[in-house]
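Hi,

Here is the structure I said I'd send over. Have a look, and my notes are below.

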Amino acid sequence: MKPMLKPFAALASLLGAFYLSVSYQYGDPGWQVQFTEPTAEARGAGALEGGEGTDGAYDLQSLAILNRAVIHIKENYVDPSRINERKMIGAALEEVQRTVAELLVEVEKDKDGVPTRVTVRVDEARQTFELGDVGNLWQMSFKFKDVFKFVQAHLKHHDKLRDIEYAAINGMLSTLDPHSVLLKPEDYREMKLSTRGKFGGLGIVISIRDGKLTVINPIEDTPASRAGLKAGDRIVQIGLDSTVNMALSDAVDMMRGEPGTPIDIWVTREGWAAPRKFTLTRANIKVKSVAAQRLKGGVGWVKVRNFQGTTFDELTDALQEMKRRGRLKGLVLDLRGNPGGLLDQAIKMSDLFVKSGPLVTTVGFGDKMREPKMATRTGTQATLPLAVLIDNNSASASEIVAGALKNHHRAVVIGQQSFGKGSVQVIYDNKDDSALKLTIAQYLTPGDVSIQSVGITPHIATQPVVITDEATDVFRSLTERSGEKDLEGHLDHASAELSKAAKPVTTVRYLRDEKLEEKIRDNPNDLIEDFEVEFARALLLSAGANNSDELLEKAAPELARQAQDQNAAIVKALKARGVDWAEATAGKGAPAGQITLASDATGAVEAGQTVKLTATITNTGTAPFTQLRALSRSDNEAFEGWEFLFGNVPPGETRTWTVPVALSKAALSRVDEVKLELHAADERVPTAAPLKLAVKQLERPRFALTWQLDDRERGNGDGVLQQGEEASITVTVRNVGEGAAHGLFAALRDDGKDGRRDLFIKRGRVEREKEGLAPGASAEFVFSFKVKEDAEPEVAVSLGVHDPELREGTSEKVALRVLPTGAGPVATQQAVAPRGGAALLLRGVQGADDAPAVATAPFAIADAELDGWLRVPMAEKRYAWVPAAETQPHTGLSGVPRIDPVVPKGPPVITLADRELSPETAAEAVTVSGEVLADKLVKDLLIYVNNRKVFFKSNAGGPVDRLPFSARVPLEAGVNRITLIARQDDEAASRRTVIVHREGASAP
């Protein structure tokens, strides 16, 4: 049997294995660029098929992992007709350019959108590669080798070559389908843990809440629960490391380990005066995927959270336990929110309830290979009445179970259309601990029906309705549901047409209890009954049938009663809001009128303000509008998806509905059209004129940092760090931008290599949510820490300041020198003047030439020396440092030197020649030109349009403090977010985003 028919795992959710360097966040703040860092596994791996030698030098040209992926694609990919080698090359290189700042790719395509040649530019080097000779996967591999030979030869600032190969593979795979990806080692390791169902650890669910490592839930009968840890506890220390600003993944890794090994953690709890130490012994933690309880009336409820290696056994154990307490009259199998998992577990679960026939059939290699999985009679629960709950997040293995039970008429399916992932992936390990997840088959539900990109249609569709004083969602969620069909490059299957044709028997709309939903969200591990569980329970008890057709027939009265009761509650709630939503007849004649949409804004709406959108309809016809409603549609997410409810509008009457839209303070300047999508019970709707709304962004702050080491209070006060010493860093933040900051958050993070932490951070987070910072104003943040006794001679830390309201910030890397215990400066006494320039530049830390100056002085009296640096006393017993090489003796100086604080200049400033680009244009491209200015260095400038890099310019050979630029930027259909990023180095960068809407073109 071929490997493609032996799937290791079928995963429902799309794992985040893409090296996305540009991500759009929060709707309007612009584009955030991240250049990926190498993983510890990548740095420490040994020889890899000629790719990496023992010296750690990675040879990109060997393409060891890429070539293995090509072999698996050729032998096993589900649909060979989707393989287009030239498209794979183009997508791979476009993905690589997101990872490598200095690389820019121009892809030329034919009329069918197939790349014909690519021009690759690395900094100033450029080479064009013809693709006409690429006709199969092996020729594609050779072309990649040529391209990466050129890339590797000319890279100057990017040494993470493995990341480049990973990015190329994921770009290449993106042309196949959304679920074929390369998993980085850390992603693959986490995936294996989640599907295995057990690991060595403490048994707690943790998260970052309010910036602190918080216990969400201790798992029952684990070291954590036995020790008395509770939900809401804060873990402030793990072993010898502070958890301040520790990444969640790092905390998880530290607490996991071999069963039987001890670990110390320190915990704070409300009411405790100080942290308390807990010494725990790691154990094998079994993560349960199944939770169960008996409902009233003798109906069982089983919640299946995912399909891992123990799921079927957990299910059978849960059924046995519930049966011990009495006969089960039915079972609610709850698959809502279940993203899937292991295929074999889904098959076993389906087999438990079906006596005979196919459960699922996998088809691969262009539908030429088929493997049906058949039900067996042994142990079948054939008479137990079943209801299956699904929703839009039920995917893959969940859909296999729901589809098998539905198509065998074994269960009534209740809920919303499922996700629609009808494909199977297999995992191929790589020697560097990464893994290829490749789609090798699609699966068909019984009857050879595909649900790919469609999903399972429930027998009874349920639709939650929200009606509160703050918001309504009567129909909106119906249009916002997403699924497989919305993923770019999703697969299709001919038999999915049968799934598309399926319709629910009926739809039940119910008034959702928001307080109950909040309770469920806050207690994700508890089983809390909601409407759909209670609804399913009542139907099972009213029918008592084990066949879905019979069950629906017998439960019809109960179903009608529930629907009627819920509809009455919805009508009553809307009436309280002034909306008549009772069922109404269309009557004779015809309704008429036009909805007007207006805002209370005069001119542009300023970011951070609330604008009221009011829709008004006057019925000028001779018959009523019935259950009239509208939904706003706009390219601006702030104005998208708002619901306007008018209800029944008799002739001659007027109805209005007002929606307050609060704009984020981070919103950018733009002009967008707002349209209304209209619906009515009898499908007779009025016309509606669109409304144009302009948004004006707030002026942005820009932060400049200086910092100074201070070891006076708890240290030895000599101005430098020693192993074991306590100290602090005072960070001075100055707003050098044109706009005020609306809040400040500052953080100190230990940035050691390979997860090493040389500092125990005591105070590493300072938030001033309600304190702004006016242009030109400064603020101080003090961070405290202790240097570990075995700290390295140089400790890397990051200092960052952020405005959470405007989402603007900056960070700096700082190298702190650490001396052995007992070492320190040698006393001296000498007056020094600047060797060049008008003043001495005094740094806040010793030994860092690139540290910004905290003060200047025409001369200084040094009182100590250390390794070519002179220590200069300042006010408040603080010290500054100056390299001795920048000074010269001067005996003629006298008096007390005047020391003046330095006004920092901050990261680069991006100025545009056309300060206000037109927010609307019909042109296919716009010219963006201007200049980047910096205090010391401008390294380069990058320009993105949405998530695509379109321009790169290096400052090599030019003035170090300025970089002029002019770029012809292509525009896509609809909204274009043009983001300029000016970099001083990999850490210090400035960003500026402009939104331009291309008129006369519609986004696909």
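**What I found**

Leu 941 stands opposite Lys 953 in S57. Keep in mind that this is a predicted model.

Strand S56 (residues 940-945) and S57 run antiparallel, with six bridges joining them. Both are part of an open sheet of five strands, ordered S54-S60-S59-S56-S57, and the pairing is mixed. At the edges you'll find strand S54 (920-921) and strand S57 (948-954), each of which pairs on one side only.

Now for the inside. The largest nonpolar core has 90 residues, and the members touching the most others are Ile 73, Val 120, Phe 148, Val 151, Met 172, Leu 333 and Phe 353. Helix H5 (residues 161-174) is the top contributor to this core, giving eight residues. Another core, of 39 residues, lies apart from it and includes Leu 645, Val 659, Val 661 and Leu 678.

Back to Val 120: leaving out residues up to four places away in sequence, Val 120 touches, among others, Leu 93, Leu 103, Phe 129, Phe 150 and Val 151. Arg 126 and Gln 127 are also among its contacts.

And the surface? Nonpolar side chains tend to be buried together in soluble globular proteins. Still, Ile 71, Trp 138 and Phe 142 form a nonpolar patch on the surface, together giving about 320 Å² of accessible area. Phe 142 sits in helix H4 (residues 137-154). Phe 142 counts as exposed because its relative accessibility is 59%, and the cut-off for exposed is over 50%.

Cheers

Terms used. Residues are numbered from 1 along each chain as its sequence is written. This is a predicted model: local features need pLDDT of at least 70, side-chain atom pairs count only at pLDDT 80 or more; totals for chains, interfaces and linings use all residues. Side-chain values use heavy atoms; hydrogens and water are left out. Patches are made of residues with over 30% relative accessible area and no salt bridge: like charges are joined within 9 Å, nonpolar side chains (Val, Leu, Ile, Met, Phe, Trp, Tyr) within 5 Å. Accessible areas come from the Shrake-Rupley method with a 1.4 Å probe; for residues, only the protein chains shown count as cover. A salt bridge is a side-chain nitrogen of Lys or Arg within 4 Å of a carboxyl oxygen of Asp or Glu. Helices (H or I, at least four residues) and strands (E, at least two) are DSSP runs, numbered from the N terminus. Buried means under 20% relative accessible area, exposed over 50%, partly exposed in between (1.4 Å probe, protein chains only). Two strands pair if DSSP finds at least two bridges between them. A nonpolar core is a set of buried Ala, Val, Leu, Ile, Met, Phe, Trp, Tyr and Cys residues joined through side-chain atoms within 4.5 Å. Contact means heavy atoms within 4.5 Å.
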